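Hello,

Here is the structure I promised to pass on. My notes on what turned up in it follow below.

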Amino acid sequence: MASSAGKIEELIRLVWCRQLYTGVGGPAFGVIGHGRANPGEGMELLDVRFELDGTVYRGPAAIHEYASDWYKHAHHEDPGYDHCVLNLVVHDDAVICRADGSVIPNAAIVFPRELAERYERLLGESGSYRCGALLAGMPVVKRYNLLTELTCERLERKYDEFLQRYRQADNNWNEAFYVSLFRAVGAGSNRESYERLARTVSFTQICRVRESVASAEALLLGAAGLLEAEPSDDYSDKLRYEFKHLSRRFGIVPMHRNAWNLRSGRPDQKPVLRIAELAALLVSGEFFFSRLVNCKTQRDIRQVFSASASEYWTTHYCFGQPSGRSVKRFGDMMLDNLGINLVVPMIFAYGKITGNEELKERAIGILEEIRAENHIRIVREWKTHGVAADNAFFSQGLLELTREYCEKKRCAYCNIGRIVLCSQ
């Protein structure tokens, strides 16, 4: 088999857990219980039970292509592997020992060559949307269930990310949401820069200047490093003067202008205007975490994010260059993005942390109201292969499938990949 050792180990685990093997361990070896896959670090299998030469063993098991990989991975020096009771392998080429020198039995697993070849083909075509025909041909209920699992998995992963920001914010929901907001608005090449800005100017500091949208603009644009090099006019001069005062007051060291990608995107997507829109949003009433947790529909979310940038931006996309008159606020695509990538995961996370199942269900219900992200290449590609997303709930499932399984070639962990591999 030509795949890397790690991919072969993934296949071995699938073969073992799904009992797709034709033989294992020789005549003196008997399987009593296959245990379960270990979702965490360390040994690949937990609670395996087997009999060898009349003695019954029970405990965790390791998986390797070659038994000698035990030494390549330095498991013989790792106390975490001292409890290992079995080494499941394809090639039994070495006697292996624990740190104390005691021997761990190897069991060579045998499975059909056709299965290995099918796995190789699946890995080789994992980025070509090969599974599209399979998904499109499934009964509607089965396809719905598979995509539902993927979307829920995506929400769980976003929950983990939000929880990390929540803890970094000393368990302050408003501050964690504030950082998440900036990341969501900065989707794309500037995401990390927006997050850095949110950590340069805290939510608490923004709250202290909320009486003036110009002060909020000055604080954010100045801290972003986007004021000094901008063309001069009365308004930009006013913001520069205001930022000198605010930077001393809050002890802010501005970011460097080079931290931003200022070239790509339409004028209404440039960081200067986006940050001005954020400033207006953050001073538009009591913009707290609780307002968004109470959202029940996508319409509610749009109302919360409906603030318009200050009057100056009505006739400008950037400083010093007047334009035709138009109100500057988040457009429909950005509002959908904020619903999908900010509000829904946040409601889901809050529901999970507080044990409120109704909130988790509401988050999923809101996703079903939002349009599918058909502007994203991955969603369009699945559609050309017969799998159309009716709403954001399903497009999120397709994104999870592609980014966490197809692109990472994790076919042996993917429920759709398993269907392909286990089919006769």
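Predicted model: local features only at pLDDT ≥ 70, side-chain atom pairs only at ≥ 80, totals over all residues.

Residues are numbered from 1 along each chain as its sequence is written, and side-chain values use heavy atoms, with hydrogens and water left out.

**Overall picture**

The chain has 18 helices and nine strands; these are DSSP runs numbered from the N terminus, with helices being H or I of at least four residues and strands E of at least two. Its C-alpha trace spans about 85 × 50 × 40 Å along the principal axes. Of the 424 residues, 51% count as buried (under 20% relative accessible area, with exposed over 50% and partly exposed in between, using a 1.4 Å probe and protein chains only). Taking contacts (heavy atoms within 4.5 Å) with a separation of 6 or more, 61% are between residues 24 or more positions apart.

**Cores**

A nonpolar core here is a set of buried Ala, Val, Leu, Ile, Met, Phe, Trp, Tyr and Cys residues joined through side-chain atoms within 4.5 Å. The largest one has 132 residues, and Tyr178, Leu181, Phe182, Leu197, Leu220, Phe305 and Trp382 touch the most other members. Helix H14 (residues 332–354) contributes the largest share of this core, eleven residues. A second, separate core has seven residues, among them Met43, Ala62, Trp70 and Tyr81.

**Pockets and cavity**

These come from a 1 Å grid over the protein atoms alone: a cavity is a set of points where a 1.4 Å probe fits but cannot get out, a pocket is an open set with protein on both sides within 12 Å along at least five of seven lines, and lining residues have an atom within 4 Å of a point. Grid points are joined across faces, edges and corners, and a volume is the space filled by probe spheres set on the points.

The largest pocket holds about 1,300 Å³ of space. Its lining has 43 residues, with Ala184, Ala187, Gly188, Arg191 and Asn337 nearest the centre. By class, the lining has 13 nonpolar, 14 polar and 16 charged residues. H14 gives the most to this lining, with eight residues.

The second largest pocket has about 290 Å³. Of its 13 lining residues, Arg13, Ala37, Arg410, Tyr413 and Arg418 lie nearest its centre. Helix H1 (residues 5–17) gives the most to that lining, with four residues, and the lining divides into seven nonpolar, one polar and five charged residues.

**Salt bridges**

Side chains of opposite charge can pair when their charged atoms come close. Counting a salt bridge as a side-chain nitrogen of Lys or Arg within 4 Å of a carboxyl oxygen of Asp or Glu, the whole structure has 24.

- Arg118 pairs with Glu114, the closest N and O atoms being 2.6 Å apart. Both lie in helix H3 (residues 113–124), four residues apart, about one turn of the helix. Arg118 is buried, at 10% relative accessible area.
- Arg325 and Glu311 meet at 3.1 Å, N to O. Arg325 is exposed at 61%, and Glu311 is exposed at 51%.
- Arg266 pairs with Asp268, with the closest N and O atoms 3.2 Å apart. Asp268 is partly exposed, at 28% relative accessibility.
- Arg154, Arg157, Glu161, Glu400, Glu404 and Lys408 are linked in a network of salt bridges.

Best wishes

Terms used
Nonpolar A, V, L, I, M, F, W, Y, C, P; charged D, E, K, R; others polar.
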